[in-house]
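Colleague: I have a few minutes before the group meeting. Can you put the model up and take me through it?

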Amino acid sequence: MSEQLTFATPGKDAIEPYLPSTTGGPTPADQKPFVTLTFATSLDSSLSLAPGVRTRLSGPESKAMTHYLRSRHDAILVGVSTLLADDPGLNCRIEGATSQPRPIVVDPHLRWTPSDSDKVLQLSRAAQGLAPFVLTGVAPADVPRESAAVLEAHGGRFIHVDPVPSVSSDGRMRFSWPSILEVLRANGLTSVMVEGGGRIINTLLHPDAQDLIDSVIVTIAPTWLGQGGVVVSPERVQDEEGIPVPAGRLSRVKWHSFGEDVVLCGTFNR
Ligand SMILES: NC(=O)c1ccc[n+]([C@@H]2O[C@H](COP(=O)([O-])OP(=O)(O)OC[C@H]3O[C@@H](n4cnc5c(N)ncnc54)[C@H](O)[C@@H]3O)[C@@H](O)[C@H]2O)c1
Ligand SMILES: Nc1nc(=O)c(N)c(NC[C@H](O)[C@H](O)[C@H](O)COP(=O)(O)O)[nH]1
């Protein structure tokens with residue numbers, strides 16, 4: 001049995017306006033999933049001490065808040081580097097949780113080889129979480145059979161996503177955020193919390209994509225991680241005259257204290 005977290009009513013009420021609705025009937029099939037961008041950052045905007053290094057930032061109270069968020073979304077999305085670095089559970093460990101989020105791993109080149117010892121798969125075997133859906137640019141016929149067998153035995157699967165046609169100079173495939181969300185919706189998922197890491201967050205915060213975000217819920221820990229960390233800082237944007245302009249600003253902003261952390265809630269112009 002893994003740890004059980006509790007998250008009490010004042011905290012729930014504080015973040016409720018930023019969560020997907022639990023009323024209002026079924027979501028139409030063509031409606032984009034509700035997107036919550038949520039992560040924990042240091043005072044110098046770092047997610048971790050270095051790429052590939054698991055770094056605890058959230059204190060117990062804001063961690064419980066994150067797990068409550070997991071109970072309120074159909075899916076939880078991370079990039080493959082986070083999966084490889086953190087060996088995360090990606091489940092909900094809130095006391096009394098009645099549902100588990102579906103982990104979504106964005107892994108265009110199939111860097112993850114699923115194995116029985118991965119924590120996310122251990123938890124699904126113990127009925128304490130769900131196995132991931134892995135979004136990949138690799139053609140179905142080229143997915144290694146052993147990997148597919150391990151994932152499917154746990155209830156997960158590989159899902160092909162068409163990459164954007166222009167391959168970047170380093171040859172890496174990239175998915176557009178609308179195509180990622182379309183695939184989630186086609187697989188019955190109506191809400192997703194995007195947890196990270198840096199590349200995932202920075203591409204979602206790009207001005208071309210940030211309109212897709214319904215809520216932003218950021219935990220800020222009273223810590224400086226120092227230089228060399230994985231930093232949240234979206235691509236710089238300029239106006240027509242080439243003058244730099246802010247990459248984004250939140251509205252409907254509220255700040256809440258959870259233990260020693262603050263949690264920032266906001267939206268993009270809604
Ligand atoms: N503090 C937090 O809340 C938090 C949350 C998550 C991860 N992390 C940390 O972040 C670090 C990992 O971050 P990162 O930036 O190195 O990696 P990441 O987790 O963002 O994964 C990057 C990979 O995901 C894929 N990817 C991302 N966007 C894509 C897109 N649009 N199309 C196709 N593929 C895409 C690519 O394969 C890319 O190499 C780890 O150290 C982890 O511990 C911290
Ligand atoms: N809210 C939050 N606070 C942190 O201090 C931290 N390091 C993460 N990181 C998010 C990332 O997605 C991690 O991989 C999971 O938090 C791993 O934890 P789980 O086993 O899934 O609970 N998230």
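Modeller: Keep in mind that this is a predicted model. Start with ligand 2: H3 and E7 each give at least two residues to the shell around it.

Colleague: Which residues come nearest to ligand 2?

Modeller: Ala40, Ser58, Asp86, Pro88 and Gly89, out of 15 residues around ligand 2.

Colleague: And how does that shell divide into nonpolar, polar and charged?

Modeller: Around ligand 2 there are seven polar, five nonpolar and three charged residues.

Colleague: OK, ligand 1. How many residues surround it, and which are the closest?

Modeller: The shell around ligand 1 has 29 residues, and Gly79, Ser81, Gly196, Gly197 and Gly198 are the closest. Elements that contribute two or more residues are strands E1 (34-41), E2 (46-48), E3 (75-79) and E7 (191-196), plus helices H3 (80-86) and H7 (198-204).

Colleague: Which element gives the most to the shell around ligand 1?

Modeller: H3, with five residues. By residue type, the shell around ligand 1 holds 14 nonpolar, 10 polar and five charged residues.

Colleague: Now the fold. How many helices and strands does the protein chain have?

Modeller: Seven helices and 13 strands. The radius of gyration is 18 Å, close to the 18 Å from the globule rule for 270 residues, so the chain is as compact as a globular protein of that length. Along the principal axes, the C-alpha atoms fill a box of roughly 50 × 45 × 45 Å.

Colleague: What share of the residues counts as buried?

Modeller: 36% of the 270 residues. Among contacts with a separation of 6 or more, 77% are between residues 24 or more positions apart.

Colleague: What is the strand order in the open sheet?

Modeller: The sheet has nine strands with mixed pairing, in the order E6-E5-E4-E3-E7-E1-E8-E13-E12. E6 (157-160) and E12 are the edge strands; each has a single partner strand, so one side of each has no neighbour in the sheet. On average, neighbouring strands are turned by 20 degrees against each other, direction ignored.

Colleague: E1 and E7: parallel or antiparallel?

Modeller: Parallel, with four bridges between them. Leu37 has Val194 in E7 as its bridge partner.

Colleague: And at the E12 end, how many bridges pair E12 with E13?

Modeller: Six, in the antiparallel sense, with E12 covering residues 251-258. Lys254 is opposite Cys265 of E13. The hairpin of E12 and E13 has two residues between the strands, and Gly259 takes a positive phi near 60 degrees there.

Colleague: What about E13 and E8, parallel or antiparallel?

Modeller: Antiparallel, joined by five bridges, with E8 at residues 215-220 and E13 at 261-267. Cys265 of E13 turns up in this pairing too, as the bridge partner of Ile217.

Colleague: Which strands does H2 lie across?

Modeller: Helix H2, residues 60-71, lies across E1, E3, E7, E8, E12 and E13. H2 runs at about 160 degrees to E1.

Colleague: Different topic. Where does His109 lie?

Modeller: In the loop between strand E4 (102-106) and helix H4 (119-125). His109 has 13 C-beta neighbours inside 10 Å, so it counts as partly exposed.

Colleague: What is His109 in contact with, leaving aside neighbours within four places in sequence?

Modeller: Gly137, Val138 and Met173.

Colleague: How far apart are the C-alpha atoms of His109 and Ile200?

Modeller: They are separated by 15 Å, and the two residues are 91 residues apart along the chain.

Key
Residues are numbered from 1 along each chain as its sequence is written. Chains are lettered from A and ligands numbered from 1 in the order in which they are written. This is a predicted model: local features need pLDDT of at least 70, side-chain atom pairs count only at pLDDT 80 or more; totals for chains, interfaces and linings use all residues. A residue is near a molecule or strand if its C-beta atom, placed from the backbone, lies within 6 Å of it. Ala, Val, Leu, Ile, Met, Phe, Trp, Tyr, Cys and Pro count as nonpolar, Asp, Glu, Lys and Arg as charged, and the others, Gly among them, as polar. Two strands pair if DSSP finds at least two bridges between them. Axes are lines fitted to C-alpha atoms, for helices over the stretch in contact, and angles run from 0 to 180 degrees between N-to-C directions. Two residues are in contact if their C-beta atoms, placed from the backbone, lie within 7 Å. The radius of gyration is taken over C-alpha atoms; the globule rule is 2.2 Å times the number of residues to the power 0.38. A residue is buried if 20 or more other C-beta atoms lie within 10 Å of its own, exposed if 12 or fewer, and partly exposed in between; C-beta atoms are placed from the backbone.
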